[in-house]
Amino acid sequence: MTKTTYVTITASPELSRMRLDELVGRCGLVVEDLSGEDRKNKGGLVLLEEAYMDEFIWFIPEKSVTYE
């Protein structure tokens, strides 16, 4: 994932396993890239435009984003 890039969250099996399907369609800014080769779960921390469950920053799997 590319830091400081706007993304839209899309459906994926990884997102469903995390029970975060309600985030599909939301947009946000990648604030931290967590997709290094040494990581098992690749993705990034995304700052959402609107809070979800009173939180703005969520770990989103790499396969669950499209770049705007």
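This is a predicted model: local features need pLDDT of at least 70, side-chain atom pairs count only at pLDDT 80 or more; totals for chains, interfaces and linings use all residues.
Residues are numbered from 1 along each chain as its sequence is written, and side-chain values use heavy atoms, with hydrogens and water left out.

**Overall fold**

- Reading from the N terminus, the order is β-α-β-β-β-β.
- The radius of gyration is 11 Å, close to the 11 Å that the globule rule gives for 68 residues, so the chain is as compact as a globular protein of that length. That radius is taken over C-alpha atoms, and the rule is 2.2 Å times the number of residues to the power 0.38.
- Along the principal axes, the C-alpha atoms fill a box of roughly 30 × 25 × 20 Å.
- The accessible surface comes to about 4500 Å², with 50% of it belonging to carbon and sulfur atoms; areas come from the Shrake-Rupley method with a 1.4 Å probe, and for residues only the protein chains shown count as cover.
- Buried residues make up 35% of the 68 in the chain. Here buried means under 20% relative accessible area, exposed means over 50%, and partly exposed is in between (1.4 Å probe, protein chains only).
- Of the contacts (heavy atoms within 4.5 Å) with a separation of 6 or more, 46% come from residues 24 or more positions apart.

**Core**

- The largest nonpolar core has 13 residues, and those with the most contacts inside it are L23, V46, L48, W58 and I60. Such a core is a set of buried Ala, Val, Leu, Ile, Met, Phe, Trp, Tyr and Cys residues joined through side-chain atoms within 4.5 Å.
- β1, β3 and β4 each supply at least two residues of this core, and the largest share, three residues, comes from β3.
- Setting aside residues up to four places away in sequence, W58 touches L20, L23, G44, L45, V46, L48, Y52 and M53.

- β3 (residues 43–52) and β4 (residues 55–61) pair in the antiparallel sense over six bridges; strands pair if DSSP finds at least two bridges between them.
- The two form a hairpin with two residues between them, and M53 in the turn has a positive phi of about 55°.
- L45 sits in β3, and F59 is its bridge partner in β4.
- At 22% relative accessible area, L45 is partly exposed.
- Beyond four places in sequence, L45 is in contact with L29, V30, V31, E32, L34, I57, W58 and F59.
- The C-alpha atoms of L45 and D33 are separated by 6.7 Å, with the two residues 12 apart along the chain.

**Two buried serines**

- S12 lies in the loop between β1 (6–9) and α1 (13–17), and its 7% relative accessibility makes it buried.
- S35, in the loop between β2 (27–34) and β3, is buried at 15% relative accessible area.
- The S35 side chain makes a polar contact with that of D33 (2.5 Å).

Terms used
Helices (H or I, at least four residues) and strands (E, at least two) are DSSP runs, numbered from the N terminus. A polar contact is a pair of N or O atoms within 3.5 Å; within protein, one must be able to donate a hydrogen and the other to accept it, and residues adjacent in sequence count only if both atoms are side-chain atoms.
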